[in-house]
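Dear colleague,

I am handing over a structure to you with this email, and below it I have set out what was found in it. Please keep it open while you read, and take the points in the order in which they come.

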Amino acid sequence: MSRFLSLSVVNLQNYLRERSVTLSGSRKEDLVRLCINAEELNIEIDPDGLSENSASIITTKLTTDDGFVLCSPQHLAGTANMSGLPEISIFDIYNYLMSYEKFTHASLRKYHKLEGYCMFKDGYVKQLETVSFDINSKYNC
């Protein structure tokens, strides 16, 4: 921690920029805190020194094995009306998650440490919406 306190604001900003950390100000205390967090999270310097093209990364992630590109969820119009969803119980969710190797009975007992729960608790989930689409239409946007 003390190594960051001795750096200048410009050096702190450079440290964060090299790791693609978004800067939201130039107060030294805030920059030191961000640097400490970046170090604790082991955020590495971008090896090629270039910022990746997020649009191409998203397209790659939305491409199915057969080469079809799915719609980005950000481009779908949803509704907060959940009345069209079937009733789902905690047991339905448990059984669904247990079908994946990543989850075990022990890990689900510690649900409060799971990434999705933590993101919800920390305020990253702002609004839930449903989107209706015809599965036979190959997810046309």
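Leaving aside its neighbours within four places in sequence, with which residues is Leu-76 in contact? The answer is Cys-71 and Val-131, where contact means heavy atoms within 4.5 Å. Leu-76 itself lies in the loop between helix 4 and helix 5, and it counts as partly exposed at 33% relative accessibility, given that buried means under 20% relative accessible area, exposed over 50%, and partly exposed in between, with a 1.4 Å probe and protein chains only. Leu-76 and Ser-132 are 56 residues apart in sequence, yet their C-alpha atoms are 9.3 Å apart in space.

Before going further, please note that this is a predicted model, in which local features need pLDDT of at least 70 and side-chain atom pairs count only at pLDDT 80 or more, while totals for chains, interfaces and linings use all residues. Residues are numbered from 1 along each chain as its sequence is written, and side-chain values use heavy atoms, with hydrogens and water left out.

As for the overall picture, the protein has 7 helices and 0 strands, where helices (H or I, at least four residues) and strands (E, at least two) are DSSP runs numbered from the N terminus. Of its 141 residues, 15% count as buried, and among contacts between residues at least 6 apart in sequence, 41% join residues at least 24 apart.

If neighbours within four places in sequence are left aside, Leu-16 is in contact with Val-21, Leu-23, Leu-31, Leu-34, Cys-35 and Ala-38.

Arg-19 sits in the loop between helix 2 (9–18) and helix 3 (28–40), and it is buried, with a relative accessible area of 15%. Its side chain makes a polar contact with the side chain of Glu-18 at 3.3 Å; such a contact is a pair of N or O atoms within 3.5 Å, and within protein one must be able to donate a hydrogen and the other to accept it, while residues adjacent in sequence count only if both atoms are side-chain atoms. Beyond its neighbours within four places in sequence, Arg-19 is in contact with Ala-38, Ile-43, Glu-44 and Ile-45.

Asn-42 is found in the loop between helix 3 and helix 4 (54–61), and it is exposed, with a relative accessible area of 56%. The phi of Asn-42 is near 60°, a positive value in a residue other than glycine. Most residues other than glycine have a negative phi.

Finally, there is the largest pocket. On a 1 Å grid over the protein atoms alone, a pocket is an open set of points where a 1.4 Å probe fits, with protein on both sides within 12 Å along at least five of seven lines, and lining residues have an atom within 4 Å of a point. The largest pocket is lined by 13 residues, of which Ile-93, Leu-97, Leu-108, Tyr-111 and Leu-114 lie nearest its centre, and helix 5 supplies the largest share of this lining, 5 residues.

With best wishes
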